[in-house]
Amino acid sequence: MRYDDDYDGRNSFRTGHKRDKHKNNRWHAADSAFRCAHCRQMVFPTPEMGTVHRNHCPHCLHSLHVDTKPGNRASDCHARMAPVGLTWKKNGFDKYGRERLGDVMLVHTCLGCGMVNINRIAADDDCDEILAIFERSLAMDGKRWKCIEATGIDLLTAEDAGLLHRSLFGMELSR
Ligand SMILES: [Zn+2]
Ligand SMILES: [Zn+2]
């Protein structure tokens with residue numbers, strides 16, 4: 001995915017081609033490197049990514065609003081999407097009726113249009129940055145928190161800190 005080229009228009013203007021959906025798809029191919037529109041670091045495809053389509057920068061975890069549905073690249077917004085919090089992927093209940101520990105998901109909001117989205121965390125995402133996002137989300141103002149919850153996303157709260165550590169690092173938070 002080379003969404004940075006869309007963001008600053010370098011590629012599209014230099015080649016003189018009109019941007020269309022098919023071209024976008026080619027530029028966003030999962031196997032190409034791109035420069036992050038937020039932290040400006042180069043992002044390279046890695047074997048750890050497996051078959052998962054990379055949709056955010058592994059360093060700062062920002063994304064771009066390029067989809068209307070996951071992976072379709074049909075959005076015309078193309079603004080940056082900031083990671084604002086974390087949520088659990090719903091994984092149902094175990095045989096004791098306890099909620100199963102799902103994967104940690106990133107909650108992004110678009111800085112252009114305000115759309116809220118959730119994205120799976122990738123194996124090479126910066127765990128310290130994930131924790132920093134979690135800490136910041138706990139200080140989010142109540143109105144914004146309610147706006148996100150209104151979209152059906154349950155943000156992680158301080159009570160989830162232990163489970164989050166276990167999920168990210170495979171161990172409990174040492175106190
Ligand atoms: Zn970045
Ligand atoms: Zn947007």
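With which side chain does the side chain of N119 make a polar contact? The partner is the side chain of H108, at 2.9 Å; a polar contact is a pair of N or O atoms within 3.5 Å, where within protein one must be able to donate a hydrogen and the other to accept it, and residues adjacent in sequence count only if both atoms are side-chain atoms. The model is predicted, with local features requiring pLDDT of at least 70 and side-chain atom pairs pLDDT 80 or more, while totals for chains, interfaces and linings use all residues. Residues are numbered from 1 along each chain as its sequence is written, chains are lettered from A and ligands numbered from 1 in the order in which they are written, and side-chain values use heavy atoms, with hydrogens and water left out.

N119 counts as buried because its relative accessibility is 11%, buried meaning under 20% relative accessible area, exposed over 50% and partly exposed in between (1.4 Å probe, protein chains only).

The zinc ion (ligand 1) is coordinated at 2.3 Å by the SG atoms of C36, C39, C57 and C60. Donors are N, O and S atoms within 2.8 Å of the metal (3.2 Å for Na, K and Ca); water is not among the atoms, so sites may look incomplete. The donor residues follow the spacing C-x2-C-x17-C-x2-C in sequence. Angles of 105 to 115° among the 4 donor atoms make the site of the zinc ion (ligand 1) tetrahedral, a label given to four donors if all angles lie between 85 and 135 degrees. Both C36 and C57 are buried.

Notes. Four donors count as tetrahedral if all angles lie between 85 and 135 degrees; four count as square planar and six as octahedral if opposite donors are over 155 degrees apart and all others between 65 and 115; anything else is irregular.
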